[in-house]
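These are my notebook entries on one structure. I record what I looked up, entry by entry.

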Amino acid sequence: MTTRPFTLGAVAYDPKVVTIWEGFADWFARHGFAFDYVLFSGYEAQVEAHLAGSVDVTWDSPLAWVRTRRLAAAAGREARSIAMRDTDQDLTSVVLVRHDSDLRVPSELVGRTVATGAIDSPQATLLPLAHLAREGLEPGVDFDVRRFDVMVTKHGDHIGGERDAATALVAGEVDAACLIDGNQLLFAKDGSIPVDAVRTLTRTAPYDHCTMTVLDGSDGATIDRFVELLLSMSFADPQVRPLLELEGLREWRPGRTHGYDQLEAAVDRLRFYGPDGSITASGYPR
Amino acid sequence: MSPGVPLVELGTLGFDAGAHVILNLALRSLESGNALAVRGAHPELAPHLTAWCRREGHRCRVVPADAEPRGVVAYLERATTASVRSNGAVRAGRADPDIADAIVAVPSADWGLAARGALVEPGGPTPPFRLDRRDELWTDRAPAFYRQSAASQWDPDGAVGWSEPVRNAPVIEAAVVQVMTFLIENEVVALVVPARFLGQIHPHFREIQQQLAVIAADEARHIDVFTRRATLAGNDLALSTVGGRMSLQTLLDEPDFAIASFLLSVMGEGTFISLLGFLEAHAPDPLTRRIAHLTRNDEARHVAFAMAHLERHATIDTALRARLARAVDRRHRELQSTAGLNDEVFDSLVLLAAGTPEPEAIRAGWNRVQALQHEMREARQGRLARLGFTTAEADTIASLHTRNFM
């Protein structure tokens, strides 16, 4: 009987994903660790394959983490966050308005139009909309939502939806736009958001982003070795540095889950998934 | 604020307008483990600073509003990974070729497209530049050749008096068109061969690449002016023969840089210097003579460059001369069954040197073409001698050169 190498699931949101995981696979091989990867077209398929045992670990969006945790719990199992990037911790999302807007506080968004990312983007849709809901503004009721659905099922990994939202705001097509804090800086740098064109109306509390997820029943020693190797990757190593840069991190850190509490609440409030991990969002393709 | 902690003042500058540039400059001069204080009045400075530091790996401690009497917004500590790019980085030779060891014997493949003399972060792609040996490529005169070539560029529109009337007899004009047609296909090979090697040379040998690029530009210009001259009187281009193209094909097929340079530039373009000199003397109109003059100057530079790197190469590699001689012999045997220079070109040269199709004029033209061929052979022998061939070797090799001139 042959045993498969430790197999990771990742979502192909960009061609660079192949470069990243081919590179990491080589790196793991050089460290004597049998590793392979499988690419999925979207997170829902990846989560379901994970539950079905097709892969051993998944590189999950925060929303994929929430669904994996819920599906696992419903099946009497347990999901674990074992590692994440330094850049996954303590992010915030912002609701931006034009600099010359008359909007001063979130409550003034009543009757206005707010641009968001894709339907399944935690950072540019679910978290900021839930944040506004907590302020008493029900999306689609108190204000209109103009969604920019780019690469749906990829949970907003592709930043195109956020860029479209920011562009619509700058062009005066919408009154506000939701995006992650880092992308606000990125869009300022590449000129999508001109200098002094926008200001922040409100900002979410800090939350965490992607995670390496495993389920109970996996081989603990192999997982420990995988995590040990991830955490040993050094930005000073010229072999692995280009891969870390492509993946957007300086160092891997041990996983943690308290940073997903805000998204769990948002998923419930916006009825994206049921408590059992079933997909309940209307208009979501699967 | 702690005494001694440097303070960076951003004023109203935010991260939407380049605040990170000032911070990077300040962090670069900060010793590891030390902090710097940031002060600024941009309304979103603290959250933007937090997001930027997260991405860059710097530690950021935001100070609660009004907690600092001097208005400090945050304290930063430089990421331990901030300067790792220069760890193990190597200097890829030196930009100035006159500095000792500026040009290394075999540049590393992972220097790739980096400028010679740059501090190169290790790792990264290793583009396959096949030609990466100094001894095969370099000449200390390369920088001077490039500078001279760049300074000698001419504009086909301005340098040639295209509006001058050309009133040659039809038979003489036809001879001009035939010679131009022949020159063009030769210039095409003289363009394609260096252009192909150009992409195979390691960019460390910058001046060699630059010189080949200018050579390619020269040949492109020659193709232009020869074509414009051929069609100036409304004629179509003339005959291109199989024999001529087969001779040129052997140059196109040659994969070895030294041999290709030798066959194309030393033997072929060297012979063309004589041919263009002949046209400068005997072409029937000032416009054609001017074109021959301009293109001959360019070809002379190409020959001189090839001679320079082959002379150096032959000094270092004593087996080179034998390889070059074998290449000429091999090409001679490959072309033995071909017609050589086509009759139309030969006869056209006689006509041009005659000036008119009268018997005595043709006799004179014939003698001039014979003298041209003698001059071509002597010039080849002279160049071969400069490359270190004995007189007997030079005679043999010169006599085996293609009858098609190039």
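**Entry 1: A:D190.** I took the classes as defined: buried means 20 or more other C-beta atoms within 10 Å of the residue's own, exposed means 12 or fewer, and partly exposed lies in between, with C-beta atoms placed from the backbone. A:D190 sits in the loop between α6 and β9 of chain A. I also looked up its separation from A:F28: the two are 162 residues apart in sequence and 35 Å apart in space, C-alpha to C-alpha.

**Entry 2: conventions.** I note that this is a predicted model, in which local features need pLDDT of at least 70 and side-chain atom pairs count only at pLDDT 80 or more, while totals for chains, interfaces and linings use all residues. Residues are numbered from 1 along each chain as its sequence is written, and chains are lettered from A and ligands numbered from 1 in the order in which they are written. Helices (H or I, at least four residues) and strands (E, at least two) are DSSP runs numbered from the N terminus.

Entry 3: I traced an open sheet of 5 strands in chain A, in the order β7-β6-β8-β5-β9 and with mixed pairing; two strands pair if DSSP finds at least two bridges between them. Its edge strands are β7 (144–147) and β9 (198–203) of chain A, each of which pairs on one side only. From one strand to the next, the twist averages 30°. Strand β5 (residues 93–98) of chain A runs antiparallel to β9(A), and 5 bridges join them. I found A:R203 in β9(A) as the bridge partner of A:V94. Helix α6 (residues 181–189) of chain A packs on this sheet, touching β5 and β8 (176–180) of chain A, and its direction makes about 105° with that of β8(A). Axes here are lines fitted to C-alpha atoms, for helices over the stretch in contact, and angles run from 0 to 180 degrees between N-to-C directions. Contact between two residues requires C-beta atoms, placed from the backbone, within 7 Å.

**Entry 4: the other sheet of chain A.** I then followed an open sheet of 6 strands, ordered β2-β1-β3-β10-β4-β11 (chain A), again with mixed pairing. Why do β2 (35–40) and β11 (252–254) of chain A have one side without a neighbour in the sheet? They stand at the edges, and each has a single partner strand, so one side of each is left without a neighbour. The twist averages 30° from one strand to the next. Strands β1 (residues 6–11) and β3 (residues 57–60) of chain A run parallel and are joined by 2 bridges; A:G9 stands opposite A:T58 in β3(A). Helix α1 (residues 16–30) of chain A packs on the sheet against β1 and β2 of chain A, at about 165° to the direction of β2(A). Helix α3(A) also packs on the sheet, touching β3, β4 (79–85) and β10 (211–215) of chain A, at about 140° to β3(A).

**Entry 5: domains of chain A.** The assignment, automatic or from a database, gives domain 1 (6–88 + 208–269) and domain 2 (93–203) in chain A. Their C-alpha centres lie 28 Å apart. I found 17 residues of domain 1 of chain A in contact with 12 residues of domain 2 of chain A. On the domain 1 side, α9(A) gives the most, with 6 residues. That side divides into 10 nonpolar, 4 polar and 3 charged residues. Ala, Val, Leu, Ile, Met, Phe, Trp, Tyr, Cys and Pro count as nonpolar, Asp, Glu, Lys and Arg as charged, and the others, Gly among them, as polar.

**Entry 6: positive phi in chain A.** A:D90 is not a glycine, yet it has a positive phi of about 60°. A:D90 lies in the loop between β4 and β5 of chain A and is partly exposed, with 16 other C-beta atoms within 10 Å. A:M151, also not a glycine, has a positive phi of about 50°. A:M151 is in the loop between β7 and α5 (160–170) of chain A and is buried, with 21 other C-beta atoms within 10 Å.

**Entry 7: chain B.** Chain B is divided into domain 1 (7–82), domain 2 (86–128) and domain 3 (134–400). The contact between the chains takes 21 residues from chain B and 20 residues from chain A.
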